[in-house]
Amino acid sequence: MYLSGTPRTSLHRRASDSQSTSMLAGNRLLLRQAPALLPAMRSRSQLVVAMAKKQGKKEAGAGGGPYSATVTTPVTEFNLRANSVVREPQIQAFWEQQQVYERLAAGNPGAPFTLHDGPPYANGDLHIGHALNKVLKDIINRYQLLRGRKARFVPGWDTHGLPIELKVLQGLPAAERASLDTLGLRAAAKDYALATIDAQREQFKRYGVWADWAAPYITLQPEYEAAQLRVFGKMFLNGHIYRGKKPVHWSPSSRTALAEAELEYPEGHTSTSIYVAMPITSLSPNLPSEVQSVLGAPGVRAAFAVWTTTPWTIPANLAVAVNADLDYCLVRAEGEGAAGWHSDHLVVAEALVNSLAEKFSAPLQVLASFKGSCLEGCHYSHPLCERVSPLVLGGDYITTDSGTGLVHTAPGHGQEDYQVGLKYGLPLLSPVDDAGCFTDEAGPAFAGLAVQGEGNTAVVDALAAAGVLLKQEQYAHKYPYDWRTKKPTIFRATSQWFASVEGFRSQALEAIRGVSWVPGVGQNRITAMTEGRNDWCISRQRKWGVPIPVFYDTQSGEPLLTDETLEHVTALVAQHGSDVWWTAPIEQLLPPGLAHLGPTLSKGEDTMDVWFDSGSSWAGVVQARQQQGLRFPADLYLEGSDQHRGWFQSSLLTSVAATGSAPYKQVLTHGFVLDERGNKMSKSLGNVVDPRSVISGGKDERKEPAYGADVLRLWVASVDYSTDVMIGGGILKQVSEAYRKLRGTLRFLLGNLADYDPAQHTVPYEALPAVDRWLLAQHAALMAEVAEAYDTYQFRRVFQAVLNFVSGDLSSFYLDAAKDRLYIQDAASSSRRACQTVQAAVLQGLLSSIAPLVPHMAEDAWLNLPQPSRAAASSSSSNGSSDSSSSSSSGGGAESVFLAGWATPQQQWGSLSQQELACWAALPAVREAFTKTMEAARADKAIGSTQEAAVALHVSEPRMAAWLAGLNAAGNAADELRCLLITSEVTLVGSAEEAAAGALASASVDTGADAAGVVTVGVRRAAGSKCARCWMYSTQVGQLSSEHPELCERCLPVVEGLGFKLPGAGAKVAAAV
């Protein structure tokens, strides 16, 4: 129970830290029992007084004098200490027991809202990036539920692919690993994935994330795999799937093809780069005659100078390419640098002559210049193989930024090379096997050598021995690595299945333009990636995945893939899962009409790219579960910014290729999580922040205290997630302080509503004091800003707006000034009831505002809201839930703050004139002038507390002065300036000189013409004596009652109305009570 102390105590001082043990049943205030205990009491304020005595709370009278028990203090079981480790799981159990999420997702009257979950990979524990992602999604969904929409959230997991396959194999003894067949591996991978999902699901739930946890989507589920095959089938029948041999990213360490999204480009990679002379054997008739005469002279040895960062691809060289529009020249190499070269004449780009001369340490004399187009038709001999190859015209990828301006071309090892090879009819030579070793086609000197190791070195040595190695050096650049094994990849031509992006690229680009991208730069990123991407290699040489359902003729190798075979295999997978591809004989996998072909066919062994798996989720989940409340296309996709080349793109491509439209209406991205110094997290650096430690505490709780899920969630809300965000001990401490501020304010508001019944005590808006109407106007503006921020996913703005309101207008001004009304005045006074009316409205709005961010705290506060206030708040909510069970059977209102819905401010709250709002906006300048003057008086030890002061105030701005005079004359014990400045007396005077005359301290502050003008404050000692109950000074203290000689004219009627007697004053009524 919270029984606050003296009238001038701070908002949170003397707050009881006793822990609540059974709040799930709601607010259990002793006030509910008090009528039976004290039937003669005439008001609930008397009950509070009696309870203070009954409980013997020391804080109720600490330092407050003999009348402290007559002060109406806040009463609530809502603790300042959250005890999150215990309390949050209790609240989560309450949600589950009451089926709050399920009731809202099914019963809300609004339209469905579908935020489709990008599936995390089922491998290992969750990290802080997972927490950022899922909490952001939960904030959005909870807000949509509060606003009355059917926001059903289906969580998902990605389960196929190499990481799990490797994890399983690494966990087995060598002998068992060697004997493991395909089905054994798949069974072990499935078990591992499902066990990981169970662990990750519990971690997600501990974050307070609402979802269909009992019915997630998992990419290994038969119904999902079948939906994926249907997407593949639609793309195939639409002409967008084909089999071909072309260079793809290949991982020798994984022995499989990779998609662009499976690559990473770490910093610090260096390659051995070489400059090589390709001896010219014949000239093009297009070359200028002077060039032909020079090169045709006896003894001239000329060559095309090329440059490459992959020496191992030289054995596969089939052409040299130039840019037709660049200027080239024939140079003669001289000096020691060229000694030992087989060729003394080179063809290079004219713009690079000087830089190459410096690099080669050999002067290069220009003999003739010509356009690149003149070189087409020349030929050269391969320096390591007995073949002659052509010089061809390439494209804009050939520049003078580096190299020589002439490009070594191996169609089997590069995308541009492949395209040029198609143009000129070059063969597709790729003398490298699955393990990344040279085959016999590379020549006997290289066969069997690893191309990224000793094979690379052997090629360089052979070129040097042939006299064609012009220069060798290390070159730092970005190079693709396998994101799983963290080892470099190669480009290698293999037979694979591809999605022909070129076939639907224009449709994809049009679909991108129809999607809302947040932030807008996301559209530019995915547009550029889609415009520039090549055909998508969708086949993988792995066992743990969804098979590509194709049959091959055992003699010709021709594939068999038809609408009929696809439909038959898909039906089997839907019934038995994708294992059926390995368990069933080929005759059963074929449709009955083709079963006779079984002996002549073999099953394909490729599986689909895991990005095709997850990229088909729009079909396997959103489309498939529309009867369960999802909507296609999804309203929102939300993932990290790296997914523009990952899930966002794979989902877009599959959906456009299969349906002609994008699978989402809006795409929102977030950045990555760094430590609080802005560094990438790494176990080796010891800077990893584990979300479990944030919630439950680490091994050393002094360094890693248990903050609970709400502080973690509040951190998510506090950062600008559109860029990379930071987290660490210092940041979490700051967030926890903000959380504590919010919690303390909620506690104070709850405590002041203990004896408030809205049905009986609500004061009409028109009858509210001006300060109350102003706070409602500020609150309405806050709610409008918060709603707009939620609607535009600006959760940091929500966090800042709420915290600023709570810390500023609400706590530092309004509640501070309201304590006199709340504590001192008669509990049933209209002024106090007006203050309670406003606090109830503000509390309801605050709970709506923070519920998506810190749902546990909001729910805890709601459960501690007195039943009458809860019932009133439920009836005024705006979600319009059709759930007939949203209110308790006793009529006490919604069981949950989420069932109560969004608190919509009344329209009249925003009706203050601009002039009045401007005056209220200028009031802080007046208060600041008063505060500075008081500080000066205190520094001179002329006065102590503000209650000892009588203030003379002059404001030069006429409208402000008139407005202040109106407040001061209100006579409602709320608007008077003495109440707003928390002092005993304030007098408005006609001049600055009058304000300063005879003052203990005075000051003039120029606040600006648009505020209050020049404010002059003079502080004097208040006349009269200090009231023993309210501590204000009055000339009537000691003049009113012999029984209570220390009370002022305000406090005496209250005390007499309570029947309070001072100890030793006769009957000792107080002790009897």
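**Close-up views of the predicted model**

**View 1. Packing of helix α6 against helix α24.** In this predicted model, helix α6 (residues 128-146) and helix α24 (residues 709-718) have axes that come within 10 Å and cross at roughly 85°. The two helices α6 and α24 are therefore roughly perpendicular to each other. On the α6 side, the contact is made by I128, A131, L132, V135, L136, D138, I139 and R142, which meet L712, R713, W715 and V716 of α24. By residue class, the contact of α6 with α24 comprises 9 nonpolar and 3 charged residues, with no polar ones.

**View 2. Surroundings of W715 in the largest nonpolar core.** The largest nonpolar core holds 179 residues, and W715, L810, L846 and W920 are those with the most contacts inside it. Helix α28 (residues 795-824) gives the most to this core, contributing 16 residues. Apart from its neighbours within four places in sequence, W715 is in contact with I128, L132, V673, V725, M726, I727, I731, L732 and V735. A second, separate core has 73 residues, among them M278, A349, A368 and A442. In soluble globular proteins, nonpolar side chains tend to be buried together.

**View 3. The open sheet β5-β4-β18-β20.** An open sheet is formed by 4 strands in the order β5-β4-β18-β20, with antiparallel pairing. Its edge strands, β5 (256-258) and β20 (536-537), each pair on one side only. Strand β18 (residues 490-499) pairs with β20 in the antiparallel sense over 2 bridges. Within this region, F498 stands opposite C537 of β20.

View 4. V518 and P519 are joined by a cis peptide bond with omega of about -5°. P519 is placed in the loop between β19 (516-518) and α16 (521-532). The peptide bond from F632 to P633 is likewise cis, its omega being near -5°. P633 belongs to the loop between α21 (617-623) and β26 (636-640).

View 5. K941, a residue other than glycine, has a positive phi near 55°. This lysine, K941, lies in the loop between α33 (914-939) and β30 (949-955). With a relative accessibility of 77%, K941 counts as exposed. I982 is not a glycine either, yet its phi is positive, at about 55°. The loop between α35 (977-981) and β31 (985-988) contains I982. I982 is buried, with 13% relative accessible area.

Conventions. Residues are numbered from 1 along each chain as its sequence is written. This is a predicted model: local features need pLDDT of at least 70, side-chain atom pairs count only at pLDDT 80 or more; totals for chains, interfaces and linings use all residues. Side-chain values use heavy atoms; hydrogens and water are left out. A nonpolar core is a set of buried Ala, Val, Leu, Ile, Met, Phe, Trp, Tyr and Cys residues joined through side-chain atoms within 4.5 Å. Buried means under 20% relative accessible area, exposed over 50%, partly exposed in between (1.4 Å probe, protein chains only). Contact means heavy atoms within 4.5 Å. Axes are lines fitted to C-alpha atoms, for helices over the stretch in contact, and angles run from 0 to 180 degrees between N-to-C directions. Angles under 35 degrees count as roughly parallel, over 145 as roughly antiparallel, 65 to 115 as roughly perpendicular and the rest as oblique. Ala, Val, Leu, Ile, Met, Phe, Trp, Tyr, Cys and Pro count as nonpolar, Asp, Glu, Lys and Arg as charged, and the others, Gly among them, as polar. Two strands pair if DSSP finds at least two bridges between them.
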